[in-house]
Amino acid sequence: KQWYQRRVAITAGIHKCKQRYTKIIQYLIRMRKLRKKNTKKLVSRDLKMEKRESRREAKALAAAQLDQAIEKELLERLKKGTYGDIYNINKDVFEKVVEEDEEEESESESEFVEDFDESDLEDIEDYELEMETETSGAPKQRIKMTQ
């Protein structure tokens, strides 16, 4: 009897090992099939990082708006002459203000006239002559154009 029991125990152990081996082989076959399939890969999102970045963006946007408002206010005061003569102003900002003033002046100067006669031309020349006399003190030579 002892011999037979040993044999049965050995055979049962071998059978268990074969079952394990079969299970592992089936697992490997399934893994190969899954690798061959083009499935979508799930990627986790880092919500903590996203929240942090969105807060940073909001703060940066608020700071930029504040800077723009301050710059706008200072430029308005500079245009009005609130500060008088300022010598330590940023050159780029000053040039920007000058350009804006020139654009505004050029827009306001362009007026269209419907009827334009030769008498109007003479009036304009007289006006220019008066302006030259006021600015320089002496009249410049005037060349009259004829048709």
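Reply:
**Charges on the surface**

Let's begin with a patch of negative charge on the surface, where D92, E95, E99, E102, E103 and E104 gather. The model is a predicted one, in which local features need pLDDT of at least 70 and side-chain atom pairs count only at pLDDT 80 or more, while totals for chains, interfaces and linings use all residues. Residues are numbered from 1 along each chain as its sequence is written, and side-chain values use heavy atoms, with hydrogens and water left out.

A patch here is made of residues with over 30% relative accessible area and no salt bridge; like charges are joined within 9 Å, and nonpolar side chains (Val, Leu, Ile, Met, Phe, Trp, Tyr) within 5 Å. Lys and Arg count as positive, Asp and Glu as negative, and His and the chain ends are not counted. Each charge is placed at NZ of Lys, CZ of Arg, CG of Asp or CD of Glu. Accessible areas come from the Shrake-Rupley method with a 1.4 Å probe, and for residues only the protein chains shown count as cover.

Helices (H or I, at least four residues) and strands (E, at least two) are DSSP runs, numbered from the N terminus. E103 has a relative accessible area of 48%, which makes it partly exposed; buried means under 20%, exposed over 50%, and partly exposed in between (1.4 Å probe, protein chains only). Helix α3 also holds a lysine, K96, which is partly exposed at 39%.

K48, K51, R52, R55, R56 and K59 form a positive surface patch. Among them, K51 belongs to helix α2, residues 47-80, and is exposed, with 56% relative accessibility. Helix α2 has 34 residues and reaches 50 Å from its first C-alpha to its last, close to the 50 Å expected at 1.5 Å a residue (the expected span is 1.5 Å times one less than the number of residues). After α2 comes G81, with a positive phi near 85°.

In one, the side chains of R77 and E73 meet at 3.3 Å, N to O. Both residues lie in helix α2, four residues apart, about one turn of the helix. An α-helix has 3.6 residues a turn, so residues three or four places apart point the same way. R77 is partly exposed at 36%, and E73 is partly exposed at 35%. A salt bridge also links the side chains of R45 and E50, at 3.3 Å, N to O. Here R45 is exposed at 60%, whereas E50 is partly exposed at 40%.

Finally, the setting for these charges. The protein chain has four helices and zero strands, and buried residues make up 2% of its 147 residues. Its accessible surface comes to about 15,200 Å², of which 53% belongs to carbon and sulfur atoms.

Conventions: Salt bridge = Lys/Arg side-chain N within 4 Å of Asp/Glu carboxyl O.
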